[in-house]
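Have a look at the picture first, then read on.

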Amino acid sequence: MTGVDARFTASEKISSRLLKSALKQSYDPWTDIDWDAPLVENAPFLPLHRSTLYGTDLWDEMTPEQRVQLTRHESASIASSGIWFEMILMQLVLRAAYDMDPRTAHMHWALTEIADECHHSIMFGKALARTGMPPHRHSKMFNELGRIFKSITWGPSSYAAILVAEEILDEAQREMMTDETVEPLVRRVSQIHVTEEARHIRFAREQIADMMSQGMDPAELLAQQTLCAVVAFAIVESLISPGVYAAGGLDSKRAVAAARNNPNMHKTRAEWGKKVVEFLAENNLIGGPAAGLWRASHLMSEADVERGLIGRTVDTGTATALKAAAGVLPNIPGLRKLARGTLAGIGSGPGKQPKPDAEPKSSSSLSITDPVRAIAESAPAQALRRATDFLPWGLIGDPLAPSKRPRKKPESSKSVHRLAVADIQRLTSDSVAVTFDVPDDLRDTFRYIQGQHITIEAMVNGEKVRRSYSVCAPVSAQTLRVGVKKVADGVFSSYVVDTLQIGDEVDVVPPAGRFYTELDSVNALHYVGLAGGSGITPILSILASVLEEEPNSRFTLWYANRDRDSVMFFDEIAELHQRYGDRFTVLHILEDGGHSGSGFANGRIDAERLSTLAESGDVAHWFLCGPAPMTEGAREALRAKGVDDQAIHLELFNTIGLVPAATQAQPAQEAEVAAGAQLRFSFEGADEAIDMRDGELLLDAALRTGQDIPWSCREAVCGMCRAKLCEGQATPMMENHALTPNEVDAGYILTCQTRAASKKLRLDFDD
Ligand code: FES
Ligand SMILES: [Fe+2]
Ligand SMILES: [Fe+2]
């Protein structure tokens, strides 16, 4: 293996710049902190909502003093882990500096970074001593892993490890330093560390981007991705030692279990990991068979997973690399077998037991779920597990215990699940909010992003009917609640509003849709929602999420209805207005008028009314949802005022009967429909082929193979039938309200809107 330095390519320019910055703004923890200042009694050492138990039943049972005490131990654990990371990091940087030319800025910077870290570890150690907190040590296993890692790692993963540790701490400490409830000494320590770490983060990022831009062969890429995933997992898992709970006077077993299953703790990790995960994904360091660890660590949110930050497939290049790697491994008993098991796991379908000597299956699209399991369940991994039985696996979580990992066929994120109705709340005379009970084992499957919809399937009048409804709860709640309004002649909406009862079970397809923008707590944006009728449902979820997740952003809602009595969620909107004050402006626009006063206007959402808002030029995102005449009209009015298409997000009602004639399917135009075409497609790793009927929609042909291809609206609205056209030609989409121009340019089509235009076509529903 080569040393870190062999690929150490940072320019002198960057090192010089960082050195100058270090000269201007460096601290001395001995003198720049008032170590004698009295500590503020009962002040937490972390913002309370960042405690690992915040939001759990156990948290509710704790006294205010216990909560503060727990944050003190948790903060001490973070500081102790910080010292551990810094010890590893100093050795990595020193290895890099070992062969450097001592005249270069490059070497001076490396040594400056080591000096900074020396100061930081002293600072954290002094803070522990001053506050009377114990050094919470992580497990022996992580300690040993760190010892091995710092000696063997090479290339970008060295810097990725540094970066993951620094960026997670950075995010945590940014909050600690600005939160006025947090104890002042802790805030000062955090502020010094954040300021100095900014330079280190910058340097590590430059290094990684530079190394990755030079390319590497598949085997090395695989090794780098695997190291990255394992190290990130170890770092985040070791941040809070299980010992903090007993030290805080709690039942350790119960507290560990509560923390591990705490959605709030997962959210915290995802928020702290967001930037670094995004950066590493951009630089191709997230992938390979160990990629599942990113998800398991919760550093990657489900939204990121949805966005494809964990590649859903491993390409043949990776499989070839694995094969090559297996071939050159030394013949240590079990080691080759482990590698082959990984290969076989990649090549085999879900649930199949890999044969020990199986060669990788030749396929261009291979599942990564099984390799992780293949490794975890392989004989060497299990032997390692038995050899480390002395470790407190129950407390730290056992990644290799097959009995605790139910061997379940991985389900398509879009397959149907039976859910019970937990609550029905009447909103107006013709609308209800329905909440579904999501069992624990389906929580991840039904995790949604603000603005997404679910599809409900039920037998109505002896016929199987599917409709999509938007989730109306904020993203933080993860409550599967939808708003349904009865529409004229709408059998399904009438069934939901009039017949559905609490306790009934219906089939539900998990959340989908792209009617949202990424939220970021640093954003300070102005969002506008233009809703009509039940078009409020996704917008309610979006606005509540924006106001909650982005403390510096504001939201303007214009909500059009016939009259006051037909306004859905009136009280909830008023309550949000009260809670967020100036950050949330609401205007109810009533067609029949009859209501005056602030917050009400008569008429419709039209071009004239929109012009002032559009001309202000300060709106970053426009979310439009409602009947097509309203949303299409608003979109045209905004375009006419020069609003960029990228800033306009539009969702139509996706209920048959409300889609206006203009969006109904039209005969294929422009391209000739090809007779006697053959369709090949891949779906969930399976390859299928079918002879198409003349003029048949691609979706219908694919469904005839018996594959459970997702679809919902068949009206170009929900986007669930999306596939990538890899070969051949399809007719132009008759309608498209779901795909962005970029997606269309990249070759995606809605299969419910297209037919064959060449004799042979190939689609990929997994892409
Ligand atoms: S099924 Fe909804 S867009 Fe095709
Ligand atoms: Fe540091
Ligand atoms: Fe650092």
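Predicted model: local features only at pLDDT ≥ 70, side-chain atom pairs only at ≥ 80, totals over all residues.

Let's start with the metals. The iron ion (ligand 2) and the iron ion (ligand 3) sit 3.7 Å apart, and Glu117 coordinates both. Here's who holds what:

| Metal | Protein donors | Distance from the metal |
|---|---|---|
| iron ion (ligand 2) | Glu86 (OE), Glu117 (OE), His120 (ND1), His193 (NE2), Glu197 (OE) | 2.1 to 2.3 Å |
| iron ion (ligand 3) | Glu117 (OE), Glu166 (OE), Glu197 (OE), Glu197 (OE), His200 (ND1) | 1.8 to 2.5 Å |

If you like to read sites off the sequence, the donors of the iron ion (ligand 2) follow E-x30-E-x2-H-x72-H-x3-E. That site ties together distant parts of the chain: His120 is in helix 4 (residues 105-131) while His193 is in helix 7, 73 residues apart. For the iron ion (ligand 3), the spacing along the chain reads E-x48-E-x30-E-x2-H.

Helix 7 (residues 184-213) also carries Glu197 and His200, 3 residues apart, or about one turn of the helix.

**The greasy parts**

In soluble globular proteins, nonpolar side chains tend to be buried together. Here the largest nonpolar core has 94 residues, and Leu53, Ile208, Tyr245, Leu280 and Trp294 are the ones that touch the most other members.

Take Ile208 as an example. Setting aside neighbours within four places in sequence, Ile208 is in contact with Pro156, Tyr159, Ala160, Leu163, Phe279, Leu280, Asn283 and Leu285. Apart from that core there's another one, of 30 residues, which includes Tyr527, Leu557, Leu590 and Phe600.

**A strand with two partners**

How many residues of strand 8 (residues 505-512) are buried? The count is 7 of the 8, so strand 8 is largely enclosed by the rest of the structure. Strand 3 (residues 417-428) runs antiparallel to strand 8 and is joined to it by 4 bridges; in this pairing, His417 stands opposite Val508. Strand 5 (residues 453-460) is also antiparallel to strand 8, again with 4 bridges, and there Glu457 faces Asp507.

Most residues other than glycine have a negative phi, and most peptide bonds are trans. Two residues here are worth a glance on that score.

Phe569 isn't a glycine, yet its phi is positive, near 55°. Phe569 is in the loop between strand 10 (554-561) and helix 21 (570-580). At 2% relative accessibility, Phe569 is buried.

Glu684 also has a positive phi, about 50°, without being a glycine. Glu684 is found in the loop between strand 15 (678-683) and strand 16 (686-691). With 37% relative accessibility, Glu684 counts as partly exposed.

How values were computed. Residues numbered from 1 in each chain as written. Chains lettered and ligands numbered in written order. Heavy atoms only, no water. Donors = N, O, S within 2.8 Å, 3.2 Å for Na, K, Ca; no water. Helix = DSSP H or I, 4+ residues; strand = E, 2+ residues; numbered from the N terminus. Core = buried A, V, L, I, M, F, W, Y, C linked by side-chain atoms within 4.5 Å. Buried < 20%, exposed > 50% of the residue type's maximum accessible area, 1.4 Å probe, protein only. Contact = heavy atoms within 4.5 Å. Pairing = 2+ DSSP bridges.
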